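Keep the sequence and the view at hand while reading.

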Amino acid sequence: MIMRKVVEGSIAVAHAVRTIKPDVIAAYPITPQTHIVEKISEYIANGELNAEYVRADSEFSAISILVGASATGARTFTSTSSQGLALMHEVLFNAAGMRLPIVISVANRALSAPLNIWNDQQDSISQRDSGWIQFYAEDIQEAHDLLAIAYRVSEDIEVRLPSMVCMDGFILTHAYEPVELFEESEIRDFLPDYNPEVYLTTENPLTFGALATPEYYTEFRYVQTRAMERAEKKIAESLKEFNEHFQRGETDLLPVHGPEDGDVLVVSSGSLVSTVKEVAEKLGNDGFGVKVGKMLCFRPFPADAMRKIADGVDKVIVFEKDVSPGSEGAIFSEVKGALYHSENRPEAYGFAVGLGGRDVPERVLEKLIMECIRGERKEGFHFGDVRPVREAIL
Amino acid sequence: MSVFIVEVRIHGRGGQGSVTAAELLAISAFKDGLYSQAFPSFGVERRGAPVRAFLRISDSKITKKTQIYEPDYIIVQDPTLLDVERVDAGLKEDGMAIINTPKRAEELDYGINTELKTIDATRLAIEVLGRPITNTAMIGAFAGATGLISIGSIKDAIMERFSGQMGEKNARLAEIAYERMR
């Protein structure tokens with residue numbers, strides 16, 4: 001039986017976590033993630049979830065607690081945003097290096113300064129080299145569903161890397177939509193219990209993450225990279241199996257929407273993909289062949305799939321909610337990096353939009369896409385929706 | 001593609017339950033067999049500050065995630081907002097404004113050119129709830145004025161959201177407002 005309800009995005013995520021049954025949750029509240037861990041603590045208080053809940057004194061402590069818990073073989077969860085994720089930064093590398101399948105729900109939010117509580121994806125994009133798998137949810141349903149996929153891939157013996165499931169703060173965490181919620185019984189069939197072969201006990205003391213001298217360190221980063229390559233295959237398989245099991249969700253690592261023979265490819269991630277699809281459909285009605293590539297996971301980066309969907313297009317346009325000052329948008333760089341190795345290198349345009357919660361209406365995207373189509377934009381990276389500013393240069 | 005999609009913007013002040021109003025309307029529409037989506041304007045929540053909440057109702061899955069710039073309907077919970085901002089910005093020509101005010105529509109000198117309906121929701125709320133919380137009155141008024149959502153679903157949604165007497169009183173308030181607007 002399908003349980004379909006109108007719920008807030010954060011509540012859908014908390015519900016998914018309840019059915020996945022982590023053993024240990026450690027959390028520290030931060031906007032716009034707060035409703036997720038609040039609801040989980042309520043489940044535990046009501047006896048609806050039997051887990052150890054630790055109120056940490058910071059995000060650094062929260063993720064550190066999970067590293068310890070995960071090393072003992074526990075299934076673990078936390079959720080955070082923005083400065084909270086930034087404060088976890090050091091420990092994120094530890095979790096990945098120790099090959100601990102921790103899962104975090106990230107409610108994407110801009111980084112300070114200036115202080116801003118609203119949505120962009122700078123927080124998680126900035127963690128790209130930490131060795132964590134990164135998923136980006138297009139809507140609330142996907143934020144809920146991807147949690148099951150994240151645990152399954154992370155806990156797979158061939159992967160054993162942590163995952164973050166990213167959802168746009170406020171836009172998804174605080175919106176209400178009809179969501180098909182997991183039943184505990186159906187999730188059991190898709191996601192087996194986590195029983196690692198190697199784990200810490202008092203009877204069998206082990207060392208995780210000890211000193212690796214130059215003789216050994218490179219090999220640790222190498223095997224993480226190899227595991228990430230296997231994760232790509234596992235994610236693709238898990239998506240298909242999830243779809244068979246639940247009759248919903250994407251079946252491709254890099255789903256494409258729109259005309260297969262479109263000569264413009266627009267790549268985006270998260271909730272922005274929905275708006276881009278609407279614009280592409282409208283432009284299609286006006287006679288322009290625009291297809292949309294949805295970057296469902298940023299790590300591992302689906303480079304082969306990117307080359308495949310860009311094959312034969314004249315122009316690639318990337319819309320993203322992050323920027324690397326001194327360079328360009330991170331997704332744009334990686335899309336171009338992938339396409340360097342393709343035979344027909346299309347023109348490439350990248351735009352930072354929607355930073356710090358600025359809404360990205362259809363008219364903005366339509367205007368930018370049309371400027372690229374008409375050749376009114378220079379190839380390369382731009383701020384897509386910046387207002388005129390006067391810089392004070394002293 | 002949607003056969004129909006209706007976009008609603010709710011204007012209120014922090015503490016008046018505008019976000020809850022959007023949520024209750026989304027749940028009610030879903031109970032009527034429609035797709036729905038509700039979300040706040042993501043401000044920093046402060047009591048008394050102008051806030052907006054958004055609602056979409058459709059007969060098919062709603063993919064849009066942007067704020068609403070050209071609403072079909074606006075609901076104004078607090079008449080003092082009319083002095084502060086253009087609540088009717090972008091309101092479609094064939095749209096409708098539903099405003100909480102003791103004034104009759106023709107007495108309201110605000111320059112809204114579309115269909116305009118008024119209801120003294122504050123007074124009704126004080127009479128029924130004993131408190132000037134108008135959100136359930138306004139969603140009842142919306143259902144009555146537009147015919148888009150059944151009052152039965154609205155009452156169910158309210159009873160699920162607020163327990164006991166609070167739920168019953170709010171459901172009654174919504175129904176009174178609904179009848180006034182029909």
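Two strands count as a pair if DSSP finds at least two bridges between them. The model discussed here is predicted.

In chain A, strand β14 (residues 347-352) and strand β15 (residues 380-383) pair in the parallel sense, over 4 bridges. Within this pair, A:Tyr349 stands opposite A:Gly380 of β15(A).

β14(A) and β15(A) are part of an open sheet of 6 strands in chain A, ordered β9-β11-β10-β13-β14-β15, and its pairing is mixed. At the edges stand β9 (256-257) and β15 of chain A; each has a single partner strand, so one side of each is left without a neighbour in the sheet. Another parallel pair of this sheet is formed by strand β10 (residues 264-268) and strand β13 (residues 315-320) of chain A, with 4 bridges. There, A:Val264 has A:Lys315 in β13(A) as its bridge partner.

Helices pack on this sheet. α9(A) touches β9, β10, β11 (290-294) and β13 of chain A, and its direction makes about 165° with that of β11(A). Helix α11 (residues 330-339) of chain A touches β10, β13, β14 and β15 of chain A, and its direction makes about 155° with that of β13(A).

## The sheet of 7 strands

Chain A also has an open sheet of 7 strands, with the order β3-β2-β4-β5-β7-β6-β12 and mixed pairing. Its edge strands, β3 (52-55) and β12 (297-299) of chain A, each pair on one side only. On average, neighbouring strands of this sheet are turned by 20° against each other, direction ignored.

Inside this order, strand β5 (residues 103-108) and strand β7 (residues 163-168) of chain A run parallel and are joined by 6 bridges. A:Ile104 stands opposite A:Met164 in β7(A). Helix α6 (residues 140-155) of chain A packs on the sheet and touches β5, β6 (133-136) and β7 of chain A; the direction of α6(A) makes about 165° with that of β7(A).

## Backbone features

Cis peptide bonds come next. One runs from A:Thr31 to A:Pro32, with omega near 0°, and A:Pro32 lies in the loop between β2 (24-27) and α2 (34-45) of chain A. Another joins A:Arg299 and A:Pro300, where omega is about -5°. A:Pro300 lies in the loop between β12 and α10 (303-310) of chain A.

A:Ser82 has a phi near 45° and lies in helix α4 (residues 82-97) of chain A. A:Arg99 has a phi of about 60° and sits in the loop between α4 and β5 of chain A.

Are these residues buried or exposed? A residue is buried if 20 or more other C-beta atoms lie within 10 Å of its own. A:Ser82 has 29 such atoms within 10 Å, so A:Ser82 is buried. A:Arg99 has 22 within 10 Å, so A:Arg99 is buried too.

## Where the chains meet

How many residues of chain A are in contact with chain B? There are 20, and they contact 18 residues of chain B. β8 (176-181) and α9 (272-285) of chain A each supply at least two residues of this side of chain A. The largest share, 4 residues, comes from α9(A). By class, the side of chain A that touches chain B has 10 nonpolar, 5 polar and 5 charged residues.

Terms used:
Residues are numbered from 1 along each chain as its sequence is written. Chains are lettered from A and ligands numbered from 1 in the order in which they are written. This is a predicted model: local features need pLDDT of at least 70, side-chain atom pairs count only at pLDDT 80 or more; totals for chains, interfaces and linings use all residues. Two residues are in contact if their C-beta atoms, placed from the backbone, lie within 7 Å. Ala, Val, Leu, Ile, Met, Phe, Trp, Tyr, Cys and Pro count as nonpolar, Asp, Glu, Lys and Arg as charged, and the others, Gly among them, as polar. Axes are lines fitted to C-alpha atoms, for helices over the stretch in contact, and angles run from 0 to 180 degrees between N-to-C directions. A residue is buried if 20 or more other C-beta atoms lie within 10 Å of its own, exposed if 12 or fewer, and partly exposed in between; C-beta atoms are placed from the backbone.
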